[in-house]
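Open the model in your viewer and keep the selection tool at hand. We will go from stop to stop, and at each one you will learn what to select and what is there.

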Amino acid sequence: MVPKGKTKGEEFGGMLQIIEREIAVFCLPQEIPDSLEIDVSELGVGDALHVKDIALPGGVELPPGETTPW
């Protein structure tokens with residue numbers, strides 16, 4: 001996963017902390033994405049982005065119960 005943009009929280013002295021850089025996905029071999037760009041520009045201090053909130057390309061799904069924060 002690749003963060004895209006600068007968080008709103010960084011303007012107030014916060015910093016982006018990435019907990020997971022890789023996630024498991026279900027898809028056909030030809031649909032495996034090279035990477036996923038994650039827009040972090042709306043994150044403020046104390047905000048979190050969860051894997052379930054990430055927009056995935058067509059044909060790519062998350063495993064059931066995947067909620068790891070990112």
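This is a predicted model: local features need pLDDT of at least 70, side-chain atom pairs count only at pLDDT 80 or more; totals for chains, interfaces and linings use all residues.

Is glutamate 42 buried or exposed? With a relative accessible area of 55%, glutamate 42 is exposed, because exposed means over 50%.

The side chains of lysine 8 and glutamate 42 meet in a salt bridge, at 2.9 Å from N to O. Glutamate 42 sits in the segment after E2 while lysine 8 belongs to the loop between E1 and E2, so this pair ties together parts that are 34 residues apart in sequence. Lysine 8 has a relative accessible area of 40%, so lysine 8 is partly exposed. How many salt bridges does the count come to? The count comes to one.

Next, select threonine 7. You will find threonine 7 in the loop between E1 and strand E2, which spans 37–39. The relative accessibility of threonine 7 is 4%, so threonine 7 counts as buried; the cut-off for buried is under 20%. Which residues does threonine 7 touch, leaving aside those up to four places away in sequence? Select Leu16, Val40, Ser41 and Leu43 to see them.

Move on to proline 3. This residue lies in strand E1, residues 2–4. Proline 3 counts as partly exposed, because its relative accessibility is 32%. For a distance check, pick the C-alpha atoms of proline 3 and valine 45: they are 16 Å apart in space, and the two residues are 42 apart in sequence.

Finally, zoom out and show the whole protein. Along the principal axes, the C-alpha atoms fill a box of roughly 40 × 20 × 15 Å. Of the 70 residues in the protein, 19% are buried.

The accessible surface comes to about 5000 Å², and 50% of it belongs to carbon and sulfur atoms. Then colour the charges: there are 5 positive and 13 negative ones, and their mean positions are 7 Å apart.

One last thing to look for is how the chain contacts itself. Among contacts between residues at least 6 apart in sequence, 70% join residues at least 24 apart. To end, go back to the salt bridge between glutamate 42 and lysine 8, and see where this pair sits in the whole model.

How values were computed. Residues are numbered from 1 along each chain as its sequence is written. Side-chain values use heavy atoms; hydrogens and water are left out. Helices (H or I, at least four residues) and strands (E, at least two) are DSSP runs, numbered from the N terminus. Buried means under 20% relative accessible area, exposed over 50%, partly exposed in between (1.4 Å probe, protein chains only). Contact means heavy atoms within 4.5 Å. Accessible areas come from the Shrake-Rupley method with a 1.4 Å probe; for residues, only the protein chains shown count as cover. Lys and Arg count as positive and Asp and Glu as negative; His and the chain ends are not counted. The place of a charge is taken as NZ of Lys, CZ of Arg, CG of Asp or CD of Glu. A salt bridge is a side-chain nitrogen of Lys or Arg within 4 Å of a carboxyl oxygen of Asp or Glu.
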